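Try each task on your own before reading its solution.

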Amino acid sequence: MLKQVGNRVLGLGQRSSVARGVLPRLYHERVVDHYNNPRNVGSFDKNDPTVGTGLVGAPACGDVMKLQIKVDDKTGKITDACFKTFGCGSAIASSSVATEWVKGKQMEEVLSIKNT
């Protein structure tokens, strides 16, 4: 009896989750790539007048993200971006993707990016 309970707790001798009709949660390969090889990790000098800093968090799940951008005063174009994120893999990956999206764009363009 104890062995049966132990095997059940450990998932031994049971059908796989796919066989039970429960599909495993998988991330898209690009999400995994940005998690394994995050781009633009770091921070800029907060005293640099061309640097803007945003800090967001989701207290329910413990994710905190700091995103910084450098903006060219004359053109209004984002010349560089970086981030520091503490949280789950998808939070780290999405922060990495966000920095890639905003670099080289005008400020007006990036204002249309939504969290959806």
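Two exercises follow, each with a worked solution.

This is a predicted model, where local features need pLDDT of at least 70, side-chain atom pairs count only at pLDDT 80 or more, and totals for chains, interfaces and linings use all residues. Residues are numbered from 1 along each chain as its sequence is written, and side-chain values use heavy atoms, with hydrogens and water left out.

**Exercise 1.** Work out in which sense β2 pairs with β1 and with β3.

*Solution.* Helices (H or I, at least four residues) and strands (E, at least two) are DSSP runs, numbered from the N terminus. Two strands pair if DSSP finds at least two bridges between them.
- Step 1: β1 (residues 51-58) and β2 (residues 63-71) share 8 bridges and pair in the antiparallel sense. A58 has D63 in β2 as its bridge partner.
- Step 2: this hairpin has 4 residues between the strands, and G62 takes a positive phi near 85 degrees.
- Step 3: β2 also pairs in the antiparallel sense with β3 (residues 78-86), over 8 bridges. V64 has F86 in β3 as its bridge partner.
- Step 4: here 6 residues lie between the strands of the hairpin, with G76 in the turn at a positive phi of about 75 degrees.

**Exercise 2.** Find how the axes of α2 and α3 cross.

*Solution.* Axes are lines fitted to C-alpha atoms, for helices over the stretch in contact, and angles run from 0 to 180 degrees between N-to-C directions.
- Step 1: the axes of α2 (residues 29-36) and α3 (residues 89-102) come within 8 Å and cross at roughly 90 degrees.
- Step 2: therefore α2 is roughly perpendicular to α3 (65 to 115 degrees).
- Step 3: the contact (heavy atoms within 4.5 Å) involves V31, H34 and Y35 of α2, and residues of α3 including I92 and E100.

Technical notes:
Angles under 35 degrees count as roughly parallel, over 145 as roughly antiparallel, 65 to 115 as roughly perpendicular and the rest as oblique.
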